[in-house]
Amino acid sequence: MDPGNWATDIQGGSAYRYMLLSVVLVSSLTAVFLQALSAKLGLATGRDLAQACRDAYPRPVGIALWISAEIGIAACDVAEVIGAAIALNLLFHIPIAVGVIATGADVLLILALQHKGFRMIEALVIALIATITIIFGFEVFLSHPSYPAIMKGFIPDPAIVRNHDILYVSLGILGATVMPHNLYLQSSIVQTRKFGDKVADIRNAIRNSYADTTIALGFAFLVNAAILIVAAAVFYESGHHDVQDIQGAYRLLTPLVGASVATPMFAIALLASGQNSTLTGTLAGQIILEGFLDVHIAPWLRRLISRSLAIVPAVIVVIIMGEKGLGKLMIFSQVILSIQLSFAVIPLVHFTSNRAKMGPFVNGPAVRALGWFTAAAIAALNAYLVATTPISS
C-alpha cells in the first residue's frame, strides 16, 4: 500500500464509477501469483531475484535490469514523497513544497528501525496496513455505495482496453498494486525465516510463504477496493467526475459524506500508507543494489540518494504546475511502475521455470504457462498504451 494506490483508485472511482474494481481484483491476483513465484525462488535457491539475474545474465543485461529496477523505486518514491507531503499539509497545514523536502527525514526512521531487526519492521507494516484497513472500512460505511453496482464492477469490461484514458489509469492501478521492486524484496525477505535444508522443510516454508502472501495481499486488495468504492460512491455519484488528486478528494469528502471525522481519518490513513511504502522501498532498494552490483553502502546513504531523486521532480512540479500537477505526476509514476514490471516478471518466470536452478521446486506445466501468459499480457498492454499515446501528451 502506498499513496500511488490512492491516486489511481481515486481517479478510477471518480471518473469511471465501479468499472475498475475488476482491474483492482485482477491486479491483486497477479500480485499474489508473482509474489508466490518470488518467494519460491528465494527459498528454493537461496538467492534473491537480483542475485539470480547477476548470476545468469551477461553484465550488460544485468546493468539494464538494475537500471529498470532503480527507475521503479524512483517512481514509487515520487508517489511516497507527494503523498506524505499532502498528508502533512492536510493535517498540519504545512506547505506542500516544505512537506516534500521534509520527507527526506524518513532516513532517520529507517535507521532506527533497522537496528531493531526485521521483525520490528514487519510489525510496524502490519500495524500501518491495519490502520488503513479500519479507516477505509469506516469510510465505505459512511459513503453508502450501491452494492449491486459494486458486484457488477468486478466483471471486466472491454472498454478498459479500448479506451486509452481508462487503460492508462488501469495500468497505473496494476503498477501500484504489483510494484516490480517488491518482487525483488519478497525473494530476499523470505530467506530471513528459519527453515531446514531438507526438501520437505523447504516445501513447508514455501507453503507458509504462500499463506503469508495471500493474507497480506488480501488485505491490500480490500483497502484498494475500498478507496475506489468510496471515490465512486462519493464523487462519481454526486457528479464530481474530475476528482484527479488527493487534495480535491479530501476537500470534498466531509461536505458530501456529512461526517467531519471522515476527512482527518482520510489524511491519517494517507500518512500511514506513505510510511508503509517508505519502509518496503528502503529495504527493496538495498536488496536491488547489493544483488545486481554486489555493492554495499550504508542504508542511510542509499535511502538519501533515492529519496533525493524523488524530491527534485516533485518540487519542480510544485513550482511550475502548482499543487494541481501533483495528481498527474502521481498517476504517471504508477504507470512507469507498470512499464517496468516486465523487466522483473520475465526473469522471475524464466528462473522459476528452470529445472537446473529450481530442482524439485520448478514450476509445473500449468504454473509455467500461467507465468508466461502473465508476463506476455503485462508487456503487451504496456506496449499498446505506449504505442497509442499521442506524443503531445
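Helix 16, residues 324–352, runs for 29 residues and spans 43 Å from first C-alpha to last, close to the 42 Å expected at 1.5 Å a residue (the expected span being 1.5 Å times one less than the number of residues). There's a bend of about 30° at glutamine 340, taken as the angle between axes fitted to the seven residues ending there and the seven starting there. Most of helix 16 is covered, with 22 of its 29 residues buried (buried is under 20% relative accessible area, exposed is over 50%, and partly exposed is in between, using a 1.4 Å probe and protein chains only).

Keep in mind that this is a predicted model, where local features need pLDDT of at least 70 and side-chain atom pairs count only at pLDDT 80 or more, while totals for chains, interfaces and linings use all residues. Numbering starts from 1 along each chain as its sequence is written, and side-chain values use heavy atoms, with hydrogens and water left out.

**Overall build**
- The protein has 18 helices and 0 strands, both being DSSP runs numbered from the N terminus (helices are H or I, at least four residues; strands are E, at least two).
- Of its 393 residues, 55% count as buried.
- The exposed surface comes to about 16,300 Å², and carbon and sulfur atoms supply 70% of that (areas are from the Shrake-Rupley method with a 1.4 Å probe; for residues, only the protein chains shown count as cover).
- Among contacts with a separation of 6 or more, 83% link residues 24 or more positions apart (contact means heavy atoms within 4.5 Å).

**Helix 1 and what follows**
- Helix 1 has 14 residues and reaches 20 Å between its first and last C-alpha, close to the 20 Å expected.
- Helix 1 is mostly covered too: 13 of its 14 residues are buried.

**Salt bridges**
- The count is 2 salt bridges, each a side-chain nitrogen of Lys or Arg within 4 Å of a carboxyl oxygen of Asp or Glu.
- One joins arginine 17 to glutamate 237 at 2.5 Å, N to O.
- Arginine 17 sits in the loop between helix 1 (3–16) and helix 2 (21–45), and glutamate 237 in the loop between helix 12 (199–236) and helix 13 (246–257), so this pair ties together parts 220 residues apart in sequence.
- Both partners are partly exposed: arginine 17 at 27% relative accessibility and glutamate 237 at 40%.
- The other pairs arginine 47 with aspartate 55 at 3.0 Å, N to O; arginine 47 is partly exposed at 27%, as is aspartate 55 at 44%.

**Nonpolar cores**
- The largest nonpolar core has 60 residues, and Trp6, Tyr18, Leu20, Ile82, Ile86, Phe136 and Ile246 touch the most other members (a core is a set of buried Ala, Val, Leu, Ile, Met, Phe, Trp, Tyr and Cys residues joined through side-chain atoms within 4.5 Å).
- Helix 12 gives this core its largest share, 13 residues.
- A second, separate core of 44 residues includes Cys53, Tyr184, Ala205 and Leu385.
- Setting aside neighbours within four places in sequence, tryptophan 6 contacts Phe136, Ile227, Ile246, Phe266, Ala269, Leu270 and Ser273.

**Alanine 231**
- Alanine 231 is in helix 12 and counts as buried at 1% relative accessibility.
- Not counting residues up to four places away in sequence, alanine 231 touches Asp9, Ile10, Gly13, Ser14 and Tyr236.
- Its C-alpha is 8.8 Å from that of serine 143, a residue 88 places away along the chain.
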